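I opened the notebook for this structure today. My entries follow in the order in which I looked things up.

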Amino acid sequence: MAFTRTIGWICATAAALLLAACGGGGSAGDIHPGTNPPIVPGEPNAFLLFPNPQVEPDGSLQTNTPAYAQAYYAAIDPNNTKDTVSKWRAANGFDSGTGSQVTAVFGDSRDLGFGRRMTARQNTDGTLAFYVENYLIKTGGAYAFSPVNLEAAIVRDPNALVYVAGVEFSPGPAGGVSFAKYFSFDVATGVRENMVDIDGRGDKAMPGPCITCHGGRADALTPPDASGNPRFNLLLNAVSGARGDVMGQLPPFEVSTFQFSTDPGYTRADQEPLLKTMNRWVLCSYPLPAPSALPEDACRRTASVGEWQGTAAALIKAAYGGDGLPNPAYAEPAVPDAWATAGQTSLYQTVQAPACRVCHEMRGTGRQADIDFTTFADFQSYTARIFATVVDRGDMPLAKLVYDSFHASSGEAALADFLVGQGQPARDASGAVLRPGRPIADPGPDRVVRQGATQLSASNSLFADTYAWSIVSGPNGGATLTNAGTAQPTFNATIDGTYVVSLVANNASAKSAPKPVSLVVQNTLTPAPGAIRFADIKAALQDGTECQGCHNRFTPLKAPIDFTNYDRDGDGAITPTDDAWFYAEVRSRINFQEIVASPLLQKPAGEHHFGGLGPGFDTSLAPGQPGRAKYDLFLNWALNGAPQ
Amino acid sequence: MAALLGLASATASAQQAAAGAAPAPSAPGAARPIFDRVQAELGYTYDDNVTRGRGDDEILWDQLLGVRVSASRALRINDNARLVVTGMLSGEKFSRYDGLSNLSGGLDAALQYRQSGAFNAITFSAFARGWLDNYASHLRDGSHFSFGVGARGALTDRIALSGELARNERRAQSEVWDLVDYSARVNLDYSLERSGTLYVSGEYRHGDVVSDGHATLVNVSLAQVFVLDDAFPGKDLFAYRSEARTWVSNVGYNLPLGQRSALDFSWRRVQSTPTAQLGFDFQGSLRYVVNQYSVVLLTLF
């Protein structure tokens, strides 16, 4: 009996002890240093990528491949004289005792969240270089700036050094006019990197993460050189004439958005003169659109009409008190008159300045500057694109930190109100602001097709994985849909006429509004959509002088692309290689992620195009009308994958 | 507070029996009571660093009242071995930072072996202890579990020596208080006969500790995981878990108050130094130091 009781006590004790050993599992507020912020499936995640990332036939994004970075570095450093950070620093004269050199330490609390230790120098020949150590304590929680990142930059904590960048403003390998070049180096080895992860959301190919915001372009690579490697594109409106000049710029240091330490030597008062020196040097890199006798402009070269006009110079000057930069400290400039007089002060202060300006002010050319948003009219002219990129796609603002800040700020509602006022449905029926991440159906643009089978595609839809197509209207019994529950159904028409097909896109939690697309069936359409090849497109581009009159390298208009046949590879003859090159350049102007946003379609249709509306591109007409025949041709070529 | 940081009990006097610690024998033929021994403690403790903070601006003090009741029963296995099961309930009420206030309940099971009844025979033991903890700070809620071995013996008729090796584990709602450490403790009692007992103990722990502090580079760099601490509202303090070497020393005096009560005075000092190295120069101290001063009334029933 006693033994039994003893066993009972032992069992009860063991059970109680086991129970006590239970528990744990972690709380939602737990933060693990060293881990990246989680990427939530289904949320927008196109940060630091170009809106047109050059989708390849295999679905890869060419601007985000190692090959793109390799071609870039091969263009700006063909002999690998700057393939390590030490070589790059030596080439740019760091710590050489020549020129001028300053170091500032600050927190980039608005854009990338880093604590930054930036050493800038101006060499005696006027070239500039910026060596940037970026410190980030990865906390695995929300991606945001933390003062500890600034602390890490001050003490140069090697465990928090996540990204080393080098930016120089210097001539290309063949000399000539200086332009900005962007390098990234491995923090441990110092070796130049092709891919870099600067926001914890995966590797991205250089120079994309830099130039998406610094004004650079994302044109496709062109055919291989003698070594068999694809070449970086050549922009004909770049004054340098250098391959690898992406027309990126050096953005101003917006000191009022930085955070500073209270430690002696690192306070804002300590850093202001250093940052002003850097801003002066940055200003020197900006082309000058009109003659100036001001001393701060003496170092600036004259701008070409085909390039960026140094728009951000106005911001730097205003921030330091105007011409002559009289004020010692940076102050956020007053709202520009072009916004204030339009009654849009609030929109500027809550949307444009914190979420758009830093990148958009780096963009535009002397011929077509509206994308710089320096005026409310510019901003307003992009209403449809702003709605598409901010409300639907979520690829703007293009840095994760700015994106999060924007959607947590009053700017989100302010922009929604602006968009609603412009006729865009930025709020739902209950008045709530729409955010990216909900399913968006995109059946593609209205088009003209022939009778027979036409494959439709929902691939430009967003945040969706299942689809439902239906024929809404059209000639009775004139068409059928097969595989209507898939992303790529087949529309089969036997009678000419206009059909309306609707697409609803779904994900696990929501269903999109139905999106209609008009399919105009004309069996006399020539060429048939599936038969369109680059030769047809080239013929249209070279039809008269409408396109090639401006788009050739001899005009003073300085368009970025030449639509004439010429010896592109410089081998002394116009060969099929040149044609392949030409094809790559034209295909580069198709955005396969959002066909209707392709410059190849938008520009001649008169959207943000110095040349205005081209004949045959009138999209106010229905598909199949002669006045938009070229648009239909280009569109059907793009929808078919732009075959060569 | 002991539960807060996974350290030894703040009231080390619990190791000391009240005067006349031997349980009263049962009368022959009488039914044996369920418990051989029931002890109650009521104590006051002043803690000069309840946050286990390193920097001056991270150190907060508090005082607490503690109540503890334990009841044990010895189960004979054979002439040399027995199983002693002790149930415990305790509570601590903090004055300034109520998030640290807690209720705990648990069991201690010790298998004891003594080769003979000789005066100098050593008692060896293997033990397992478990508690369930409920804090005003939700993040700390969870459980403790320890197991280990110990030994106790008399060196002279006045001096007793004991030691213990243990593995201690804690689970909580927040991973910050998911702690594991290994400890080695030595305790020396010196009897003053009717005047009471002086005791001193030293303990070394290697493993996880929790320290509260601001969101500084040093704290984050040392931490394995951290969380905004809900026990110090408005203080903007985070609780950081890190691995450390910890020394705990305890000095006390147990004053008998009659046959079944005693008053215990103790000073406990904890010093913990992180094992992780910083990658940068730092001029301050990385260790934290805690001093706890306690007065506890113990009574046997």
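I began with the burial rule: a residue is buried if 20 or more other C-beta atoms lie within 10 Å of its own. The model is predicted, and I kept that in mind throughout.

**Chain B, overall.** I applied the rule to chain B. Of its 301 residues, 43% count as buried. I then looked up the secondary structure of chain B and found two helices and 13 strands. Next came the contacts in chain B between residues at least 6 apart in sequence. I noted that 61% of these join residues at least 24 apart.

**Nonpolar cores.** I turned to the largest nonpolar core, which has 176 residues. The members that touch the most other members are A:Tyr72, A:Ala399, A:Phe634, A:Ala638 and B:Phe226. I followed up B:Phe226. Leaving aside neighbours within four places in sequence, B:Phe226 is in contact with A:Ile31 in chain A. Its contacts in chain B are B:Val176, B:Val220, B:Phe238, B:Ala239, B:Tyr240 and B:Arg241. I also found a second, separate core of 23 residues, including A:Ala441, A:Val449, A:Phe463 and A:Ala493.

**A helix pair in chain A.** I looked at α9 (residues 345-360) and α13 (residues 410-421) of chain A. Their axes come within 9 Å and cross at roughly 115°. I therefore logged α9(A) as roughly perpendicular to α13(A). The crossing is left-handed. From α9(A), I noted A:Ser346, A:Leu347, A:Thr350, A:Val351, A:Pro354 and A:Ala355. They meet A:Ser410, A:Gly411, A:Ala414, A:Leu415 and A:Phe418 in α13(A). By class, this contact has seven nonpolar, four polar and no charged residues.

**A:Thr482.** My last entry concerns a residue in strand β13 (residues 479-482) of chain A. Is A:Thr482 buried or exposed? I logged A:Thr482 as exposed, because it has 11 C-beta neighbours inside 10 Å. Leaving aside neighbours within four places in sequence, A:Thr482 is in contact with A:Pro489, A:Thr490 and A:Asn492. I also checked A:Gln455, 27 residues away along the chain; its C-alpha atom and that of A:Thr482 are separated by 9.7 Å.

Conventions
Residues numbered from 1 in each chain as written. Chains lettered and ligands numbered in written order. Predicted model: local features only at pLDDT ≥ 70, side-chain atom pairs only at ≥ 80, totals over all residues. Helix = DSSP H or I, 4+ residues; strand = E, 2+ residues; numbered from the N terminus. Buried ≥ 20, exposed ≤ 12 C-beta atoms within 10 Å, placed from the backbone. Contact = placed C-beta atoms within 7 Å. Axes fitted to C-alpha atoms, helices over the stretch in contact; angles between N-to-C directions. Parallel < 35°, antiparallel > 145°, perpendicular 65-115°, else oblique. Left-handed = near helix turned anticlockwise from the far one by under 90°. Nonpolar A, V, L, I, M, F, W, Y, C, P; charged D, E, K, R; others polar. Core = buried A, V, L, I, M, F, W, Y, C linked by C-beta atoms within 7 Å.
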